Amino acid sequence: MRFRATIEGVETFSKIVQAVEKLQKKCTIKFAEHEMRIICTGDANEGGIQVWSYIKVSSLFTEYRIQSNSNNEITISVSSDALLAALRSAAGPSSAQNGSASLASDTHVIMKLAKKGEKSVLNFEITGVTAMGRGITIVQQVVVDVLRHAEVERLKEPMCPEPDVHILLPPLAKLRTVAERLRPLAEEGVIFRANHVGELQLAVTNDNARVEVGWGGLTNPTMKSDGEGDDSDAKNPTDMHGVLVSHKCLLKFLNSHVISTTTIACICENHCVILYVYIGNVADAGGVLTYYIPAKFDDAM
């Protein structure tokens with residue numbers, strides 16, 4: 001098998017991995033001819049939050065070449081932290097940690113799958129110019145496990161019921177600030193709910209207090225799955241549909257504010273929240289990170 005690509009969108013790639021790195025220590029990356037998928041299953045993190053992302057090859061890479069006996073697909077398991085460190089070393093002065101040896105501009109990054117002894121590695125060859133004007137090449141190697149076909153086949157995206165409501169979220173950085181302030185009361189979780197008239201609420205309750213924070217004037221987008229079987233018009237549009245989720249899971253999702261431009265929440269009442277974090281504008285997005293946050297337990301909202 002062979003894989004090699006030039007990373008044009010180093011900063012974007014770095015931000016995607018930064019959002020994923022907060023979830024669990026290892027992630028799965030599936031490279032195909034036209035897309036890359038980054039997957040975090042819920043097996044290794046508290047609360048069962050999952051990420052199934054889809055990123056267009058053209059949004060991050062040029063000179064992209066892949067060849068394998070599995071329909072020209074290669075799937076690897078990699079340390080999220082090690083991958084992020086390698087990308088940050090190529091992302092320019094804001095992420096550099098090497099002082100005068102750091103790359104100042106015009107960075108050229110080639111990523112390829114290689115062998116180091118018996119181990120497979122992602123090899124990053126980073127070429128650029130330092131702040132002192134000297135040409136420099138840095139090589140970073142990240143150990144990976146190449147997954148067998150049977151292991152790839154076991155990766156299954158969650159099955160969820162049809163959402164009760166879709167809503168366009170406020171900027172995630174602002175939502176994260178609110179969620180952080182709810183932390184002292186959120187030991188039992190956070191109720192995440194919305195309705196069909198553009199209203200969103202986060203609510204927490206304990207023995208001594210109940211706090212609700214609301215937003216209005218938001219958009220209820222029409223999703224591709226809407227249509228046949230959708231009876232939202234037959235219900236009171238002001239009725240709230242919600243789910244109780246882990247506060248830690250919610251904060252982990254909100255770390256994606258570093259990459260988010262537009263985020264749509266789909267609430268399956270008392271079951272889960274599905275969150276679509278778009279990379280770029282929705283109409284011509286370079287990709288989407290799909291988060292699945294399961295209900296902490298089934299309670300009426």
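Strands β11 (residues 190-194) and β12 (residues 200-205) pair in the antiparallel sense over four bridges. Strands here are DSSP runs of E with at least two residues, helices are runs of H or I with at least four, and both are numbered from the N terminus. Two strands count as paired if DSSP finds at least two bridges between them.

The model is predicted: local features need pLDDT of at least 70, side-chain atom pairs count only at pLDDT 80 or more, and totals for chains, interfaces and linings use all residues. Residues are numbered from 1 along each chain as its sequence is written, and side-chain values use heavy atoms, leaving out hydrogens and water.

Now widen the view to the whole sheet. Its four strands run in the order β13-β12-β11-β14, open and antiparallel. At the edges sit β13 (210-215) and β14 (241-245), each pairing on one side only. Neighbouring strands are turned by 20 degrees against each other on average, direction ignored. Such angles are taken between N-to-C directions, from 0 to 180 degrees, with axes fitted to C-alpha atoms, for helices over the stretch in contact.

Next, helix α6 (residues 247-254). Seven of its eight residues are buried, so α6 is largely enclosed by the rest of the structure. Buried means under 20% relative accessible area, exposed over 50%, and partly exposed in between, with a 1.4 Å probe and protein chains only. The buried residues are His247, Cys249, Leu250, Leu251, Lys252, Phe253 and Leu254. Their cover includes α5 (172-181), β11, β14, β15 (262-268), β16 (272-279) and β17 (287-294).

Phe253 also belongs to the largest nonpolar core, which has 76 residues. A nonpolar core is a set of buried Ala, Val, Leu, Ile, Met, Phe, Trp, Tyr and Cys residues joined through side-chain atoms within 4.5 Å. Phe13, Phe61, Phe124, Leu169, Phe192, Phe253 and Tyr291 touch the most other members. Helix α1 (residues 10-21) gives the largest share, six residues. Apart from this core lies another, of 12 residues, including Ile264, Cys268, Val288 and Tyr292.

How does α1 pack? The axes of α1 and α3 (residues 80-89) come within 9 Å and cross at roughly 155 degrees. That makes α1 roughly antiparallel to α3, because angles over 145 degrees count as such, under 35 as roughly parallel, 65 to 115 as roughly perpendicular and the rest as oblique. Contact (heavy atoms within 4.5 Å) involves Phe13 and Val17 of α1, among others, and residues of α3 including Leu84 and Leu87.
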